[in-house]
Structure formats: structure tokens, C-alpha cells
Amino acid sequence: MRQLTALDAQFLSVESATTAAHVAGVAVFDPSASPSGDLTREALLTLLRERLHLAAPLRMRLADVPFGLDRPYWIDDPDVDLGAHVHEVTLPAPGGERELAAYVAEVHARRLDRSRPLWEAHLIHGLAGGRVALYMKVHHCAIDGVTGSEILTALLDPSPQPRLVEAPASPSPAPPQPPGLLAMLAGAITRTIVQPVEALCSLARAAADLDAIPVLSALPDARLVAQAARTLAGDPRRLPETPPLAAPRTPFNGPISAARAVAFGSVPLAEVRRVARAFGMGPNDVVMTLCASALRHWLLAHDALPDRPLVAAVPVALRTTAASPGTADGRVGNRISAMITPLATDVARPAERLAAVRAALGAAKRRFAVSHRSWLDDVCAMVPNAFAALATPLVFRLAGVAGAGVNLVVSNVPGPRLPLYLCGARMLSYHPLSVVTDATGGISITCASYDDRLDFGVVVCPTRVPDVWSVTGHLREAMDELVALLDEAPPHGNPGRKSPEERQEPEERQKPEERQEKVPA
């Protein structure tokens, strides 16, 4: 039993009538290789019973402190009612991607029941070709990217034959009971006394990265304040330069509704790697360029392209290693930070956009390498829990109205390069899905590499982005643009042929962009 961190508790506090703070994934399976030729709810339940001890977030539930005076506690629930967490449904004909996405969007919009462990699984039949999908969501307060990968590792197998998983060596001791009322109140009083000191310490650490934090980086002399704070803390190193991080207003940004829409897309992983090798960069640089290009195409199509680059938050896992699937170390919660980077959506030529994204992401990485990496936790720790639970939804709503924060969240999750199986059914694709909020924009783009694919999951508020499937279409167009560059340039070159987009843009839209200073690769 342990208490949630300030960041974990913030993921609870951010939820409102229009915001659900869980992360999810949609896996599509071919069950023809399974022993029964199908993937059934009973088989999935049996698998979960056998391996639940390997996935701590699936068996932990919250114990709230009275009146919300302090952060909740995690307690182990050995009697998880798996039947209440695992659902089964059949899609209407024809069972294509659109029907799957419509069902997933409806479920993704609903918040999880906090009286039980914070997860749900939906086994979805009726897909074309006899395929079966599994949608699974877990509250973000319980997992980050690493712990999410551990859950997948626990449930999936490297071959159609399920591996043998040893039960715990000895019967588990009786789970610890949540602290009593008096103990909880005593802990809340103690934290209330020390909270001002903790807040000052968090403020000092956050000040050292003031010019790299959304909104705060726009304050006058933010860089000088950050350098002074680091010097006072005994770190006189000069801070690497950060590009401007003021997010422009776009249709993505503003108050969101409770509805969600999702779309799926994929590009060959081999194409991503070819482009990365040809231009001497990492695959993540190519992924971020794909997102930048897709967003640019969408904004151009809606006559809403700003003259400044969009600003994205990129989550970064701080855990050094993942636990072995057999250790069941009970890890739950988040160890993450975020890099903030421009996306070069204002650069017209694909080759120059690729170079600009690489340069901006490189600058963000250099800054992140010397930062405290804890600014996300520190900002959350400054606010007492009782106040945060009431104020966070309002603050996020006001941020959406004012246009503060970032334009969107973009996340790239490295995945396995070999096929995986669930109850003998081969996983064909895995599309991760994330969170949208008033402050972080009405669109999020998440991708995961798997086997020979890069699978995208796009989540939007449909009042902000009414045509979500066009975004995944633009991702494919962006990949085609980059592949076309390979025929025009030598290795590590910088091709200069204009794209079809440039040739079609009005002259008045090209001129301001052509005056932009070119960022070297």
C-alpha cells in the first residue's frame, strides 16, 4: 500500500464532465491460429486469472482520504471481479475500421469507475475477415508507457502456444488494509504542515527550467530567471538554447466537449527507417515530421494554418528499465516528464520541414538532458490535493479558453519487432490512444512500432476536429512525401524539389513562409 504521487493524483483531478484521463490501445488479432480458431471472452478471462499477479495496475484500487484532504492510497485487491472488467460486443456490418473506431470512441469517452481497479477490456467481434479486436484502457494515474508495456508483456506471448506462467511461489499474505479514518486524517494534517516547504522546494526546481515549461516560458526574462535559479542551486552550467514555445491558436485548441472520435492509420516501419538512414537522423525525427506534415496539411485544408509552428508536448519515460514479466514488483503509477518542442508546421518544403523538426527536437533533447526532468511533478506538487481536485478542471478550462498550454500531445512508443499472440491469436496491429484536454488541445497523436509497422491512434474532440479520418490520411501522404525525397537526394542530402502542396498553395500563403530563416539539418 502506498500513496499516489502528486502527478498521479493530478491525473485524477483533471477529470471532469468533458475530460477522461485514461490511456488505451486497440489491438487487432487474427484468431485463425488459435486452438479454437476464435478469441473468446472465456479464454481471455482464463488468461487474466493466470497472469493477474504479473500486472499490478490491474489489481490495485484507490482508497480515498476523507473529504479529499490528501492524495488517495493504492491498495491491492486480491478479489478482482474480472467479469465486471471484461466486456464483449459484436460490431454491425460490414465490420470495417470505421465501425470499430465508432465503438471505441464511444467507450473511450466514458470515465472509469473509481470504486474498482481502474481498467476495462472490450473484446470486439464482427470485424471483416474474421478478425477480433481488443480495446483495453487503464487510468493514467496507474500507468505510464513503461508500466503499460509491462502489462502487454504479461498478457501476450511470442508464439501461438501460450507460455507457462508460474504462480506466486507462496500464497500471498493478506493484503494490507487501507489506513483507518484517524490515520488518514493524521497523515493529511502532517502533509498540510509540510506542504508549504515541499511547495517551495518544488518551486525552486521548477524555476530552473522556467523557460522550458509551457505558458511560463513566455514570461519576461524567463531564461534569465531559470539561469539564476540554477546558479543559486549550485549548477552554473549554461542552459542550451530553447526555441520559442508560445503555442499559436488553432482549431485544435479551445474548450472541448465530452464526445470523442478516433481514427487508426499505419505506415511501413521500413519506410521510416529508410528515410532516417538516408538523412542521418533517428526514426523519432521522422515520426515527428510525419505528425508535423499531417497537421500542416489538415490546417491548410481548413484555411487555418498559423504563421508560427505548432508546439507539442512529447512524454518521456523516466524509468530506466522495465520489470521482468515474472517479477511482479507491484509498480503502479507514473515516472514521466515531457519535452516541449515546435513542430515546424510553418515550413512549406518537406525536406526543410524534416530538417527543422530534427533541429528543434535535437535542441529539446539537449535541454532535457541537463534539466531536472521533474518539472511536471514539481508543478503538480505545488498545489495541495484538496485544492487541486476542485481547481484543476477549472484551470484547464480557462487555459483552453485563453489558448495557453500546448497545441497537442504527440507520443511515440517503441514496441516489439516480432509477432505476438493472445490466447494463440496473432496480433496484426496495435494502435495506442491517449488523452485530450482543454489545456493540451482537442487532438492527440500516439504511435507504436510493432513487427514491421508503425501504427497510429488519433483521438480528437469532434467539435474541434470534425474529420478525424483525414488526419490519418494526411499521415500516409506525409510518408509518401518523405519517401519521394529518397529519389532526389544523395545520402544525408537536402533535396530541394517543391512538393505538390507547395505548387498548389496560393502565392500569398507562400511568401511569408519563404521568408522564414532556414534551419540547417
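At 4% relative accessibility, F264 counts as buried (under 20% relative accessible area, with exposed over 50% and partly exposed in between, for a 1.4 Å probe and protein chains only). The model is predicted, so local features need pLDDT of at least 70 and side-chain atom pairs pLDDT 80 or more, while totals for chains, interfaces and linings use all residues. Residues are numbered from 1 along each chain as its sequence is written, and side-chain values use heavy atoms, without hydrogens and water.

A pair of aromatic rings is described by the distance of the centres and the angle of the planes. Rings of Phe, Tyr and Trp (its six-membered ring) pair if their centres lie within 6.5 Å; planes under 30 degrees apart count as stacked, over 60 as edge-to-face and the rest as tilted. The count by this rule is two aromatic pairs. F252 and W298 form a tilted pair, because their ring centres are 4.9 Å apart and their planes stand at 35°. F252 is buried at a relative accessible area of 0%, and W298 is buried at 1%.

F264 and W469 form an edge-to-face pair, with 6.2 Å centre to centre and 90° between the planes. Since F264 lies in strand 8 and W469 in helix 13 (residues 468-485), this pair ties together parts 205 residues apart in sequence. Helices (H or I, at least four residues) and strands (E, at least two) are DSSP runs, numbered from the N terminus. W469 is also buried, at 18%.

Elsewhere, three strands form an open antiparallel sheet in the order 1-4-3, where pairing requires at least two DSSP bridges between two strands. Its edge strands, strand 1 (2-3) and strand 3 (60-63), each pair on one side only.
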